Amino acid sequence: MKYKGTENFSHSQPDRLGVLITNLGTPDSPTSSALRPYLKQFLSDPRVVEVPRFIWWFILNGVILNIRPSRSAKAYASVWTDEGSPLLAITKAQHSALASRCEAEYGEDVVVDFAMRYGNPSIDAAIDRLMAKGVRKVVVLPLYPQYCASTTASTFDAIASDFTSRRWIPELRFVTQYHDHPAYIRALADKVRDHWEKHGRADKLLMSYHGIPKRYLLNGDPYHCQCYKTSRLLAEALSLNDDDYMTTFQSRFGREEWLQPYTDETMKALPKNGVTSVQVICPGFSADCLETIEEIGEENREYFMHAGGKRYEYIEALNSDENHIDMLFSLIKQNLHGWSATHENSQRAERAKQLGATQ
Ligand SMILES: C=CC1=C(C)c2cc3[nH]c(cc4nc(cc5[nH]c(cc1n2)c(C)c5CCC(=O)O)C(CCC(=O)O)=C4C)c(C)c3C=C
Ligand SMILES: [Fe+2]
Ligand SMILES: [Fe+2]
(Lines give C-alpha, C1' and ligand atoms only; values in the text may rest on other atoms or scores of the structure.)
(Ligands and ions follow the chains in the order given, each with its own letter.)
Protein backbone atom coordinates (compact mmCIF):
# COMPACT_ATOMS: atom_id res chain seq x y z
CA MET A 1 0.00 0.00 0.00
CA LYS A 2 1.49 3.35 -1.01
CA TYR A 3 -0.53 5.77 1.13
CA LYS A 4 -1.07 5.59 4.91
CA GLY A 5 -4.78 5.26 5.68
CA THR A 6 -6.97 5.87 8.71
CA GLU A 7 -7.45 2.49 10.35
CA ASN A 8 -10.74 1.42 11.94
CA PHE A 9 -12.61 4.53 10.76
CA SER A 10 -16.20 4.62 11.91
CA HIS A 11 -18.82 7.15 10.83
CA SER A 12 -19.89 7.80 14.40
CA GLN A 13 -16.47 8.91 15.65
CA PRO A 14 -16.18 12.64 16.30
CA ASP A 15 -14.05 14.84 14.07
CA ARG A 16 -11.51 16.73 16.14
CA LEU A 17 -9.41 19.82 15.62
CA GLY A 18 -5.65 19.61 16.06
CA VAL A 19 -2.97 22.10 17.03
CA LEU A 20 0.63 21.22 16.29
CA ILE A 21 3.30 23.45 17.78
CA THR A 22 6.78 23.00 16.36
CA ASN A 23 10.31 24.23 16.94
CA LEU A 24 13.66 23.66 15.29
CA GLY A 25 14.91 20.52 17.03
CA THR A 26 17.84 19.41 19.02
CA PRO A 27 20.10 16.34 19.31
CA ASP A 28 18.99 13.37 21.46
CA SER A 29 22.07 13.72 23.65
CA PRO A 30 25.10 16.06 23.87
CA THR A 31 27.43 13.60 22.19
CA SER A 32 29.23 13.51 18.89
CA SER A 33 27.30 10.40 17.81
CA ALA A 34 23.94 12.12 18.46
CA LEU A 35 25.07 15.42 16.91
CA ARG A 36 26.06 13.81 13.62
CA PRO A 37 22.60 12.61 12.43
CA TYR A 38 20.97 15.77 13.81
CA LEU A 39 23.37 18.07 11.97
CA LYS A 40 23.18 15.90 8.85
CA GLN A 41 19.38 16.21 8.70
CA PHE A 42 19.45 19.94 9.55
CA LEU A 43 22.26 20.96 7.20
CA SER A 44 21.03 18.76 4.32
CA ASP A 45 17.84 20.84 4.19
CA PRO A 46 18.05 22.96 0.99
CA ARG A 47 16.00 25.67 2.77
CA VAL A 48 18.84 26.05 5.29
CA VAL A 49 21.85 25.85 2.99
CA GLU A 50 21.03 27.22 -0.46
CA VAL A 51 24.08 25.90 -2.28
CA PRO A 52 23.97 23.54 -5.29
CA ARG A 53 23.37 20.04 -3.86
CA PHE A 54 26.31 18.39 -5.60
CA ILE A 55 28.87 20.85 -4.18
CA TRP A 56 27.23 20.93 -0.75
CA TRP A 57 27.17 17.12 -0.46
CA PHE A 58 30.98 17.07 -0.58
CA ILE A 59 31.43 19.98 1.84
CA LEU A 60 28.90 18.59 4.33
CA ASN A 61 30.00 14.95 4.28
CA GLY A 62 33.68 15.57 3.64
CA VAL A 63 34.35 18.46 6.02
CA ILE A 64 31.52 19.69 8.28
CA LEU A 65 30.26 16.35 9.57
CA ASN A 66 33.82 15.37 10.48
CA ILE A 67 34.54 18.51 12.49
CA ARG A 68 31.32 20.03 13.80
CA PRO A 69 29.68 17.14 15.74
CA SER A 70 32.38 16.96 18.42
CA ARG A 71 32.69 20.75 18.69
CA SER A 72 28.92 21.22 18.95
CA ALA A 73 28.62 18.29 21.41
CA LYS A 74 30.86 20.18 23.86
CA ALA A 75 28.70 23.29 23.55
CA TYR A 76 25.51 21.24 24.04
CA ALA A 77 27.02 19.46 27.07
CA SER A 78 27.51 22.86 28.71
CA VAL A 79 23.76 23.66 28.52
CA TRP A 80 22.31 20.14 29.00
CA THR A 81 20.02 19.77 32.02
CA ASP A 82 18.51 16.89 34.02
CA GLU A 83 15.51 17.20 31.72
CA GLY A 84 17.71 16.98 28.62
CA SER A 85 18.07 19.67 25.97
CA PRO A 86 16.71 23.04 27.19
CA LEU A 87 14.89 23.55 23.87
CA LEU A 88 13.07 20.23 24.19
CA ALA A 89 12.31 20.67 27.91
CA ILE A 90 10.89 24.17 27.36
CA THR A 91 8.89 23.07 24.30
CA LYS A 92 7.38 20.27 26.44
CA ALA A 93 6.40 22.83 29.09
CA GLN A 94 4.88 25.13 26.45
CA HIS A 95 2.96 22.19 24.99
CA SER A 96 1.61 21.07 28.33
CA ALA A 97 0.50 24.62 29.27
CA LEU A 98 -1.21 25.13 25.90
CA ALA A 99 -2.85 21.69 26.05
CA SER A 100 -4.34 22.61 29.46
CA ARG A 101 -5.59 25.95 28.14
CA CYS A 102 -7.18 24.28 25.10
CA GLU A 103 -8.75 21.56 27.23
CA ALA A 104 -10.32 24.16 29.52
CA GLU A 105 -11.71 26.05 26.51
CA TYR A 106 -12.65 23.25 24.07
CA GLY A 107 -12.75 20.01 26.08
CA GLU A 108 -12.01 16.96 23.92
CA ASP A 109 -12.70 18.77 20.64
CA VAL A 110 -9.14 20.08 20.32
CA VAL A 111 -5.99 17.95 20.53
CA VAL A 112 -2.62 19.71 21.04
CA ASP A 113 0.67 18.05 20.17
CA PHE A 114 4.23 19.18 19.49
CA ALA A 115 7.08 18.21 17.20
CA MET A 116 10.55 19.21 16.09
CA ARG A 117 11.53 20.00 12.49
CA TYR A 118 14.77 18.04 12.90
CA GLY A 119 15.36 15.09 15.22
CA ASN A 120 12.77 13.99 17.78
CA PRO A 121 9.86 14.03 18.37
CA SER A 122 9.35 14.12 14.61
CA ILE A 123 6.64 15.90 12.65
CA ASP A 124 5.54 12.65 10.95
CA ALA A 125 5.01 10.89 14.30
CA ALA A 126 3.04 13.87 15.67
CA ILE A 127 0.73 13.91 12.63
CA ASP A 128 0.25 10.13 13.04
CA ARG A 129 -0.86 10.74 16.65
CA LEU A 130 -3.23 13.55 15.66
CA MET A 131 -4.82 11.48 12.87
CA ALA A 132 -5.23 8.50 15.22
CA LYS A 133 -7.25 10.77 17.52
CA GLY A 134 -9.62 11.70 14.69
CA VAL A 135 -8.16 15.12 13.88
CA ARG A 136 -9.48 16.32 10.51
CA LYS A 137 -8.45 19.98 10.68
CA VAL A 138 -5.09 21.11 11.98
CA VAL A 139 -3.45 24.43 12.88
CA VAL A 140 0.34 24.26 12.63
CA LEU A 141 2.08 26.88 14.72
CA PRO A 142 5.87 26.97 14.24
CA LEU A 143 7.25 28.87 17.23
CA TYR A 144 9.22 31.30 15.07
CA PRO A 145 7.89 34.85 15.52
CA GLN A 146 9.65 36.12 12.37
CA TYR A 147 9.08 34.40 9.02
CA CYS A 148 12.22 32.93 7.48
CA ALA A 149 12.37 30.48 4.58
CA SER A 150 15.09 28.53 6.44
CA THR A 151 12.84 27.88 9.42
CA THR A 152 9.15 28.62 8.67
CA ALA A 153 9.03 27.47 5.04
CA SER A 154 11.17 24.47 5.93
CA THR A 155 8.56 23.45 8.52
CA PHE A 156 5.87 23.80 5.86
CA ASP A 157 7.96 21.58 3.55
CA ALA A 158 8.09 18.89 6.26
CA ILE A 159 4.31 19.02 6.76
CA ALA A 160 3.68 18.93 3.00
CA SER A 161 6.14 16.07 2.58
CA ASP A 162 4.37 14.11 5.34
CA PHE A 163 1.03 14.67 3.58
CA THR A 164 2.39 13.12 0.37
CA SER A 165 2.38 9.77 2.20
CA ARG A 166 -1.22 10.01 3.49
CA ARG A 167 -4.47 8.95 1.90
CA TRP A 168 -6.78 11.32 3.82
CA ILE A 169 -5.01 14.59 4.51
CA PRO A 170 -6.45 17.00 7.10
CA GLU A 171 -7.54 20.56 6.39
CA LEU A 172 -4.56 22.81 7.17
CA ARG A 173 -3.95 26.26 8.60
CA PHE A 174 -0.31 27.24 8.86
CA VAL A 175 0.82 30.25 10.93
CA THR A 176 3.71 31.86 9.06
CA GLN A 177 4.68 34.59 11.57
CA TYR A 178 3.56 36.68 14.55
CA HIS A 179 6.44 39.17 14.74
CA ASP A 180 4.17 42.20 15.24
CA HIS A 181 1.33 40.58 17.21
CA PRO A 182 0.43 43.11 19.94
CA ALA A 183 0.35 40.41 22.64
CA TYR A 184 3.82 39.16 21.60
CA ILE A 185 5.26 42.68 21.74
CA ARG A 186 3.53 43.22 25.12
CA ALA A 187 4.97 39.96 26.49
CA LEU A 188 8.49 40.99 25.40
CA ALA A 189 8.06 44.49 26.85
CA ASP A 190 6.80 43.06 30.17
CA LYS A 191 9.80 40.74 30.28
CA VAL A 192 12.21 43.68 29.88
CA ARG A 193 10.32 45.83 32.41
CA ASP A 194 10.37 42.96 34.95
CA HIS A 195 14.11 42.70 34.44
CA TRP A 196 14.53 46.46 34.92
CA GLU A 197 12.52 46.34 38.14
CA LYS A 198 14.82 43.66 39.56
CA HIS A 199 18.18 44.82 38.19
CA GLY A 200 17.84 48.43 37.04
CA ARG A 201 18.60 49.62 33.51
CA ALA A 202 21.79 49.35 31.47
CA ASP A 203 23.34 51.73 28.92
CA LYS A 204 21.82 49.79 26.04
CA LEU A 205 19.28 47.09 25.27
CA LEU A 206 20.59 44.78 22.55
CA MET A 207 18.01 42.84 20.57
CA SER A 208 19.89 39.90 19.07
CA TYR A 209 18.28 37.67 16.41
CA HIS A 210 19.58 34.50 14.77
CA GLY A 211 21.27 35.52 11.51
CA ILE A 212 20.86 34.22 7.97
CA PRO A 213 23.03 34.74 4.88
CA LYS A 214 22.58 38.28 3.50
CA ARG A 215 21.97 36.65 0.10
CA TYR A 216 18.63 35.28 1.37
CA LEU A 217 17.48 38.82 2.21
CA LEU A 218 18.58 40.06 -1.22
CA ASN A 219 16.61 37.19 -2.78
CA GLY A 220 13.42 38.34 -1.06
CA ASP A 221 13.27 36.79 2.41
CA PRO A 222 11.29 39.08 4.74
CA TYR A 223 13.10 37.86 7.88
CA HIS A 224 15.41 40.89 8.20
CA CYS A 225 12.48 43.35 7.88
CA GLN A 226 10.39 41.44 10.40
CA CYS A 227 13.26 41.41 12.92
CA TYR A 228 13.66 45.17 12.57
CA LYS A 229 9.91 45.69 12.92
CA THR A 230 9.83 43.61 16.12
CA SER A 231 12.69 45.72 17.48
CA ARG A 232 10.97 48.99 16.59
CA LEU A 233 7.67 47.89 18.17
CA LEU A 234 9.43 46.67 21.31
CA ALA A 235 11.38 49.93 21.55
CA GLU A 236 8.11 51.90 21.17
CA ALA A 237 6.41 49.78 23.84
CA LEU A 238 9.33 50.57 26.20
CA SER A 239 9.51 54.28 25.13
CA LEU A 240 13.15 53.86 24.12
CA ASN A 241 15.09 56.46 22.10
CA ASP A 242 17.08 55.36 19.04
CA ASP A 243 20.31 55.46 21.10
CA ASP A 244 18.89 53.23 23.85
CA TYR A 245 18.73 50.04 21.80
CA MET A 246 20.29 48.18 18.89
CA THR A 247 19.38 45.26 16.62
CA THR A 248 22.10 42.67 15.92
CA PHE A 249 22.39 39.18 14.34
CA GLN A 250 24.12 36.17 15.90
CA SER A 251 25.05 32.52 15.18
CA ARG A 252 26.93 32.95 11.90
CA PHE A 253 27.61 29.70 10.04
CA GLY A 254 29.97 29.37 7.07
CA ARG A 255 32.09 31.92 5.26
CA GLU A 256 29.69 34.12 3.32
CA GLU A 257 28.36 37.43 4.60
CA TRP A 258 25.38 37.15 6.96
CA LEU A 259 22.98 39.82 8.17
CA GLN A 260 24.80 42.66 9.93
CA PRO A 261 25.57 44.07 12.44
CA TYR A 262 26.96 40.89 13.95
CA THR A 263 26.25 40.39 17.66
CA ASP A 264 29.80 39.20 18.51
CA GLU A 265 31.55 42.09 16.74
CA THR A 266 29.15 44.56 18.36
CA MET A 267 29.97 43.17 21.80
CA LYS A 268 33.68 43.59 21.12
CA ALA A 269 33.20 47.18 19.92
CA LEU A 270 30.67 48.62 22.38
CA PRO A 271 32.98 49.18 25.41
CA LYS A 272 35.45 51.09 23.21
CA ASN A 273 32.56 53.37 22.26
CA GLY A 274 31.70 54.10 25.88
CA VAL A 275 28.91 51.54 26.36
CA THR A 276 29.98 49.47 29.37
CA SER A 277 26.68 47.97 30.49
CA VAL A 278 24.28 46.03 28.26
CA GLN A 279 21.16 43.94 28.58
CA VAL A 280 20.53 41.45 25.80
CA ILE A 281 17.21 39.98 24.72
CA CYS A 282 16.67 37.52 21.84
CA PRO A 283 13.13 38.18 20.58
CA GLY A 284 13.42 35.65 17.72
CA PHE A 285 13.79 32.70 20.10
CA SER A 286 10.53 31.55 21.68
CA ALA A 287 12.48 29.17 23.91
CA ASP A 288 15.95 29.27 25.39
CA CYS A 289 18.35 26.94 23.62
CA LEU A 290 22.00 26.49 22.81
CA GLU A 291 22.07 29.71 20.80
CA THR A 292 20.79 31.86 23.66
CA ILE A 293 22.13 30.11 26.78
CA GLU A 294 25.62 29.38 25.52
CA GLU A 295 26.19 31.86 22.70
CA ILE A 296 24.52 34.90 24.28
CA GLY A 297 24.66 33.94 27.95
CA GLU A 298 28.32 32.89 27.93
CA GLU A 299 30.29 33.42 24.71
CA ASN A 300 29.20 36.99 24.00
CA ARG A 301 29.43 37.92 27.68
CA GLU A 302 33.11 37.01 27.48
CA TYR A 303 33.66 39.13 24.35
CA PHE A 304 31.99 42.12 26.02
CA MET A 305 33.74 41.86 29.39
CA HIS A 306 37.08 41.13 27.74
CA ALA A 307 36.71 44.29 25.64
CA GLY A 308 36.25 46.41 28.77
CA GLY A 309 32.53 45.95 29.52
CA LYS A 310 31.45 46.20 33.18
CA ARG A 311 27.96 44.74 33.27
CA TYR A 312 26.30 42.21 30.98
CA GLU A 313 22.87 40.68 31.51
CA TYR A 314 20.96 38.23 29.36
CA ILE A 315 17.16 38.53 29.58
CA GLU A 316 15.69 35.05 29.14
CA ALA A 317 13.34 34.04 26.32
CA LEU A 318 9.58 34.06 26.92
CA ASN A 319 9.66 30.26 27.37
CA SER A 320 6.58 29.04 29.28
CA ASP A 321 5.90 32.39 31.02
CA GLU A 322 2.19 32.95 31.56
CA ASN A 323 2.24 36.01 29.27
CA HIS A 324 3.73 33.95 26.47
CA ILE A 325 1.25 31.11 26.89
CA ASP A 326 -1.62 33.66 26.92
CA MET A 327 -0.26 35.14 23.71
CA LEU A 328 0.19 31.78 21.96
CA PHE A 329 -3.23 30.64 23.14
CA SER A 330 -4.86 33.75 21.65
CA LEU A 331 -3.02 33.05 18.38
CA ILE A 332 -4.33 29.47 18.43
CA LYS A 333 -7.88 30.66 19.14
CA GLN A 334 -7.70 33.13 16.25
CA ASN A 335 -6.61 30.33 13.93
CA LEU A 336 -9.21 27.82 15.13
CA HIS A 337 -11.92 30.42 14.59
CA GLY A 338 -14.73 29.29 12.31
CA TRP A 339 -13.75 25.64 12.56
CA SER A 340 -16.15 23.41 14.36
CA ALA A 341 -14.89 20.11 15.72
CA THR A 342 -17.87 17.81 15.48
CA HIS A 343 -19.60 19.79 12.77
CA GLU A 344 -21.85 16.98 11.56
CA ASN A 345 -22.56 15.77 15.06
CA SER A 346 -23.53 19.24 16.25
CA GLN A 347 -25.76 19.72 13.19
CA ARG A 348 -27.39 16.38 13.97
CA ALA A 349 -27.88 17.39 17.62
CA GLU A 350 -29.35 20.74 16.53
CA ARG A 351 -31.76 18.98 14.15
CA ALA A 352 -32.79 16.54 16.89
CA LYS A 353 -33.42 19.49 19.23
CA GLN A 354 -35.58 21.21 16.60
CA LEU A 355 -37.51 17.99 15.95
CA GLY A 356 -38.08 17.58 19.70
CA ALA A 357 -39.43 21.12 19.94
CA THR A 358 -41.97 20.61 17.12
CA GLN A 359 -43.28 17.26 18.40
C1 LIG B 1 15.23 31.40 15.39
C2 LIG B 1 15.41 31.18 14.12
C3 LIG B 1 16.52 30.47 13.46
C4 LIG B 1 16.99 30.76 12.19
C5 LIG B 1 16.50 31.84 11.25
C6 LIG B 1 18.07 29.84 11.94
C7 LIG B 1 18.81 29.81 10.77
C8 LIG B 1 19.96 29.04 10.58
N9 LIG B 1 20.61 28.21 11.50
C10 LIG B 1 21.71 27.63 10.93
C11 LIG B 1 22.63 26.73 11.54
C12 LIG B 1 22.54 26.23 12.86
N13 LIG B 1 21.63 26.61 13.82
C14 LIG B 1 21.79 25.84 14.94
C15 LIG B 1 21.06 25.89 16.10
C16 LIG B 1 19.85 26.58 16.26
N17 LIG B 1 19.25 27.44 15.35
C18 LIG B 1 18.05 27.89 15.86
C19 LIG B 1 17.16 28.79 15.25
C20 LIG B 1 17.31 29.36 13.99
N21 LIG B 1 18.22 29.02 13.02
C22 LIG B 1 17.90 27.31 17.17
C23 LIG B 1 16.71 27.49 18.06
C24 LIG B 1 19.02 26.51 17.42
C25 LIG B 1 19.33 25.75 18.70
C26 LIG B 1 18.88 24.36 18.73
C27 LIG B 1 19.13 23.70 20.08
O28 LIG B 1 19.25 22.47 20.09
O29 LIG B 1 19.23 24.33 21.14
C30 LIG B 1 22.85 24.89 14.70
C31 LIG B 1 23.25 23.72 15.61
C32 LIG B 1 24.13 24.08 16.70
C33 LIG B 1 25.54 24.14 16.26
O34 LIG B 1 26.06 23.14 15.80
O35 LIG B 1 26.07 25.25 16.34
C36 LIG B 1 23.33 25.13 13.41
C37 LIG B 1 24.42 24.38 12.69
C38 LIG B 1 21.76 28.09 9.58
C39 LIG B 1 22.81 27.66 8.58
C40 LIG B 1 20.67 28.96 9.38
C41 LIG B 1 20.22 29.73 8.19
C42 LIG B 1 20.62 29.60 7.00
FE1 LIG C 1 20.17 28.10 13.55
FE1 LIG D 1 25.63 29.16 17.80
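**Entry 1: a β-α-β unit.** I found that strand E3, helix H5 (residues 149–163) and strand E4 form a right-handed β-α-β unit. Right-handed here means that, with the strands pointing away from the viewer, the path from the first strand over the helix to the second runs clockwise. Helices (H or I, at least four residues) and strands (E, at least two) are DSSP runs, numbered from the N terminus. The model is a predicted one, in which local features need pLDDT of at least 70 and side-chain atom pairs count only at pLDDT 80 or more, while totals for chains, interfaces and linings use all residues. Residues are numbered from 1 along each chain as its sequence is written, and chains are lettered from A and ligands numbered from 1 in the order in which they are written.

Strands count as paired if DSSP finds at least two bridges between them. Lys137 has Glu171 in E4 as its bridge partner.

**Entry 2: the open sheet.** I traced an open sheet of 4 strands in the order E6-E5-E7-E8, with parallel pairing. Strand E6 (245–250) and strand E8 (311–315) are at the edges with a single partner strand each, so one side of each has no neighbour in the sheet. From one strand to the next the twist averages 25°; angles run from 0 to 180 degrees between N-to-C directions, and axes are lines fitted to C-alpha atoms, for helices over the stretch in contact. Strand E7 (residues 277–281) is joined to E8 by 5 bridges, and Val278 stands opposite Tyr312 in E8.

**Entry 3: H4 against H5.** At what angle do H4 and H5 pack? I noted about 55° for helix H4 (residues 123–132) and H5, with their axes 10 Å apart. That makes H4 oblique to H5, since angles under 35 degrees count as roughly parallel, over 145 as roughly antiparallel, 65 to 115 as roughly perpendicular and the rest as oblique. On the H4 side, Ile123, Asp124 and Ile127 make the contact, and on the H5 side Ala158, Ile159 and Asp162; contact requires C-beta atoms, placed from the backbone, within 7 Å.

**Entry 4: H3 against H12.** Helix H3 (residues 86–106) and helix H12 (residues 322–336) also pack at about 55°, their axes being 10 Å apart. I recorded Gln94, Ala97, Leu98, Arg101 and Cys102 of H3 in contact with Ile325, Leu328, Phe329 and Ile332 of H12.

Terms used. Two residues are in contact if their C-beta atoms, placed from the backbone, lie within 7 Å.
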